[in-house]
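Open the structure in your viewer and keep the selection tool ready. Each stop below says what to pick and what is there.

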Amino acid sequence: MADAVAGRFGQGVLSRAAALVYSLLVVELLLVATTLPGLAPLVLLDRDASNIPLFAACALPLGPAVSAALYALHHHRADLADLTPAAAFWRGYRVNAGPVLLVWAPWLLWLAVVAVNLAHLDAAAVPRWWAALLVVLAVAAALWGVNLLVITSLFDFRVRDAARLASYFLVRRPAVALGNLSVLVAAAGLTVLLSEAVLTLFGAVLVFVLSRNCRPMVGQISREFTA
């Protein structure tokens with residue numbers, strides 16, 4: 001009887017929910033801690049177009065932090081007796097920080113260049129259709145970058161192979177791309193309406209939603225592109 005009770009411990013709906021809440025709280029604390037070097041100066045900057053390069057620089061720590069959160073939540077186990085979200089987070093951070101920065105830094109630079117161009121359209125004296133094209137390119141680059149971040153965080157591909165897969169799955173899994181767009185819109189809304197600090201406080205939840213939304217892509221990559 002005792003063995004049966006022990007076997008059921010941590011397997012009920014409430015236990016699984018408690019395990020998820022615990023993991024989200026731990027990941028959230030670690031996410032805040034690892035993004036603090038960029039977050040602290042970021043909240044002090046005026047929201048002015050001249051600060052766009054500084055915004056991008058402050059966002060550099062965000063890439064490895066989100067990657068580690070993705071790794072931890074991807075490996076989350078809904079068992080109260082076997083919860084190690086902190087260990088998973090630091091393992092993901094240690095393994096992925098270098099590869100993620102290789103793709104995160106150029107991606108941020110590209111988005112910063114687009115943002116600067118959009119902010120100075122009048123000074124550049126370019127037609128309005130050019131602004132619309134830049135917005136489309138920025139959205140496509142953002143969705144591609146999210147795919148690339150997820151793939152780099154969860155798989156050990158070469159950068160060029162991960163980049164190709166990120167492009168491939170924009171077309172192959174449009175529902176995933178639309179879901180990721182919703183997450184980006186929510187993140188942008190929190191930042192614009194409230195602040196970067198508030199966005200960080202909801203970071204683990206947004207990463208969890210992103211992780212669940214990308215499951216079809218991750219599953220297909222596991223089946224078709226890994227041994």
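A residue counts as buried when its relative accessible area is under 20%, and as exposed when that area is over 50%. Keep in mind that this is a predicted model.

**Stop 1: Phe169 and its partner**

Select Phe169. Its relative accessible area is 1%, so Phe169 is buried. The rings of Tyr168 and Phe169 make an edge-to-face aromatic pair. Their centres are 5.0 Å apart, with 80° between the planes. A pair of aromatic rings is described by the distance of the centres and the angle of the planes.

**Stop 2**

How many aromatic pairs does the count come to? The count comes to 8. For one of them, select Trp104 and Trp107. The ring centres of Trp104 and Trp107 are 5.0 Å apart and the planes stand at 45°, so this pair is tilted. Trp104 and Trp107 both belong to helix 5, which covers residues 85–119. They are 3 residues apart there, which means about one helical turn between them. Are they buried or exposed? Both Trp104 and Trp107 are buried. Next, pick Phe89, Trp90 and Tyr93. These residues form one aromatic cluster.

**Stop 3: helix 5 beside helix 7**

Show helix 7, residues 128–154, together with helix 5. The two axes come within 10 Å and cross at roughly 170°. An angle over 145 degrees counts as roughly antiparallel, and helix 5 and helix 7 are therefore roughly antiparallel to each other. Colour their contact by residue class. The contact of helix 5 with helix 7 has 19 nonpolar and 5 polar residues, and no charged ones.

Stay on helix 7 and select Ile151, which is found there. Ile151 has 1% relative accessibility, so it counts as buried. Draw a distance from Ile151 to Val100, C-alpha to C-alpha. The value is 9.8 Å, across 51 residues of sequence.

Move along to Ala131, also in helix 7. Ala131 counts as buried, at 12% relative accessibility. From Ala131 to Asn117 the C-alpha distance is 8.4 Å. In sequence, Ala131 and Asn117 are 14 residues apart.

**Stop 4: helix 3**

Select residues 52–58, which make up helix 3, and find Ala57 there. Ala57 is partly exposed, with 43% relative accessibility. Ala57 and Ala105 are 48 residues apart in sequence, yet their C-alpha atoms are 8.7 Å apart in space.

**Stop 5: helix 4**

Go on to helix 4, residues 62–74. How many of its 13 residues are buried? The number is 11, so helix 4 is mostly covered. The buried residues include Gly63, Pro64, Val66, Leu70 and Tyr71. Now check the length of helix 4. At 1.5 Å a residue, its 13 residues should span 18 Å. The end C-alpha atoms of helix 4 are 18 Å apart, which agrees.

**Stop 6: cysteines**

Select Cys58. It counts as buried, at 14% relative accessibility. Then select Cys214. Cys214 is buried too, with a relative accessible area of 1%. How many disulfides does a search of the whole structure find? The search finds 0.

Terms used:
Residues are numbered from 1 along each chain as its sequence is written. This is a predicted model: local features need pLDDT of at least 70, side-chain atom pairs count only at pLDDT 80 or more; totals for chains, interfaces and linings use all residues. Side-chain values use heavy atoms; hydrogens and water are left out. Rings of Phe, Tyr and Trp (its six-membered ring) pair if their centres lie within 6.5 Å; planes under 30 degrees apart count as stacked, over 60 as edge-to-face and the rest as tilted. Helices (H or I, at least four residues) and strands (E, at least two) are DSSP runs, numbered from the N terminus. Buried means under 20% relative accessible area, exposed over 50%, partly exposed in between (1.4 Å probe, protein chains only). A disulfide is a pair of cysteine sulfur atoms within 2.5 Å. Axes are lines fitted to C-alpha atoms, for helices over the stretch in contact, and angles run from 0 to 180 degrees between N-to-C directions. Angles under 35 degrees count as roughly parallel, over 145 as roughly antiparallel, 65 to 115 as roughly perpendicular and the rest as oblique. Ala, Val, Leu, Ile, Met, Phe, Trp, Tyr, Cys and Pro count as nonpolar, Asp, Glu, Lys and Arg as charged, and the others, Gly among them, as polar. The expected span of a helix is 1.5 Å times one less than its number of residues.
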